[in-house]
Amino acid sequence: MSVRGHGMPKAGANSRNGGDEAERGKLSISNLSFAYGKAKVLDEVSLQINRGEIVALIGPNGSGKTTLLKCANRLLRTRNGTIDIAGDDLRRLRQWQIAERVSYVPQAADIVYPMTVFESVMLGLRRGSWHYSARDMAKVASTLEQLGLDSMSHKLLTELSGGQRQKAAIARALVRETPFLLLDEPTNHLDMKHKRDTIQILRRHSRGHNQGILIVLHEINLAVQLADRIALLEGGRIVAEGPPDKVITHDHIRAAYAVEVNMTSHAGLPFVIGYRIENEH
Ligand SMILES: Nc1ncnc2c1ncn2[C@@H]1O[C@H](COP(=O)(O)OP(=O)(O)OP(=O)(O)O)[C@@H](O)[C@H]1O
Ligand SMILES: [Mg+2]
C-alpha cells in the first residue's frame with residue numbers, strides 16, 4: 001500500500017502516561033469550558049468514555065452537545081480544561097493522530113458531493129494518498145452490507161434519501177475502526193426499523209472492535225436501550241450522569257426539558273411514554 005501510512009503511535013511513544021493501559025482505554029474530558037466569543041456554552045464539563053462502552057449525550061436544543069463533540073475532536077480549540085484521548089492530551093496530538101483515534105459523524109451532514117456511496121465510505125480510509133488496498137475495498141463492501149447499503153453502493157450521494165445518506169455517513173465512520181466514535185444525532189433521519197438496525201450495529205461495533213462511542217440522541221427511549229451510561233447536558237453543564245435508570249427520571253426530564261412526561265419501566269429500563277399537549281382555549 002503506497003500510503004504515507006502512519007500507524008497508531010507505539011505504546012508509550014507519544015504518551016506522557018507511558019505504559020498506563022487504563023489511560024489508553026479512555027477518552028477523558030475534564031473540567032472543560034468553552035465559549036463562542038463571550039457566550040459561555042460549556043461550563044466545567046467532565047465526562048469519560050471507556051473503550052467498549054456507549055455513552056449517550058442528551059439534552060435540550062442549544063445545551064452544548066454538538067459543541068462538546070467538536071471540542072473532543074479539536075474542531076473547536078479549547079483553553080480551559082483538558083481532553084485526553086487514549087492517554088494523550090488532545091492539544092499535543094497532530095491532526096492525523098486524532099484522526100486515527102476518533103471518527104466523527106457531524107449533525108445533519110447535508111452537504112453532499114456527487115460521488116458514489118462506495119467512494120464516500122472509501123474516503124473514511126484515506127491515509128494521505130488515494131491508493132487503496134484490496135483489503136480496504138473488502139472493508140468498505142462489508143460495512144456497506146452491514147448497513148444494508150450494498151445495493152446502492154454505486155449510486156451517487158446526491159441521489160439518496162436523507163436516511164440513506166445518513167447511513168452512508170455512519171458507514172464512513174464505522175469503516176475506520178478507530179478506538180473512539182463521536183456521533184451527533186446519527187439516526188434522526190432514520191425510520192423505526194433502520195434506527196433499530198443502526199443501534200444494533202453500533203452496539204456490535206462497540207463490543208466487537210472495543211470502541212468507545214459518544215452518541216448524541218434526542219430520542220430518550222433509544223438512548224436508554226443503547227447506552228451503558230447517559231449524560232444529560234443542560235445549559236452547558238452535565239446535570240445528571242450514570243446508568244439509564246438513574247438519569248431518565250421524571251424529575252430530571254422536567255428540570256431539563258420543562259415538560260411533564262409520563263413514564264413506565266420495562267425489563268428494568270425506564271421508558272418515556274409521552275406527554276400531553278394542552279389545548280389552548
Ligand atoms: N459557531 C457558533 N457561533 C456562536 N454560537 C454558536 C455557534 N455554534 C453554536 N452556538 C451556540 O452555542 C450553543 C450550543 O450550541 P450546540 O450546537 O452545541 O447545541 P446542541 O446541544 O447541539 O443543540 P441541538 O440539540 O439543537 O443540536 C447555542 O446557544 C448556539 O446558539
Ligand atoms: Mg447539536
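I take two strands as paired if DSSP finds at least two bridges between them. I apply this to a predicted model.

**Entry 1: the S4–S5 pair.** I looked up strand S4, residues 80-85, and found two bridges joining S4 to S5, with the two strands running antiparallel. Which residue in S5 is the bridge partner of Ile 85? I noted Asp 88 as that partner.

**Entry 2: the sheet.** Four strands make up an open sheet, and I recorded their order as S2-S1-S4-S5 with antiparallel pairing. At the edges I found strand S2 (39-50) and strand S5 (88-89), each of which pairs on one side only.

**Entry 3: the helix across the sheet.** I checked which strands helix H2 lies across. Helix H2, residues 65-72, lies across S1 (26-36), S2 and S4, and I noted an angle of about 120 degrees between H2 and S1.

**Entry 4: the whole chain.** I counted ten helices and twelve strands in the chain. For the extent of the chain, I recorded that its C-alpha atoms fill a box of roughly 65 × 45 × 40 Å along the principal axes. I also compared the radius of gyration with the globule rule: a compact globule of 281 residues would have a value near 19 Å, and the chain agrees because its own value is 19 Å.

Entry 5: How much of the chain counts as buried? I recorded 37% of the 281 residues. Among contacts with a separation of 6 or more, I found that 67% come from residues 24 or more positions apart.

Definitions and conventions: Residues numbered from 1 in each chain as written. Chains lettered and ligands numbered in written order. Predicted model: local features only at pLDDT ≥ 70, side-chain atom pairs only at ≥ 80, totals over all residues. Contact = placed C-beta atoms within 7 Å. Axes fitted to C-alpha atoms, helices over the stretch in contact; angles between N-to-C directions. Rg over C-alpha atoms; globule rule 2.2 N^0.38 Å. Buried ≥ 20, exposed ≤ 12 C-beta atoms within 10 Å, placed from the backbone.
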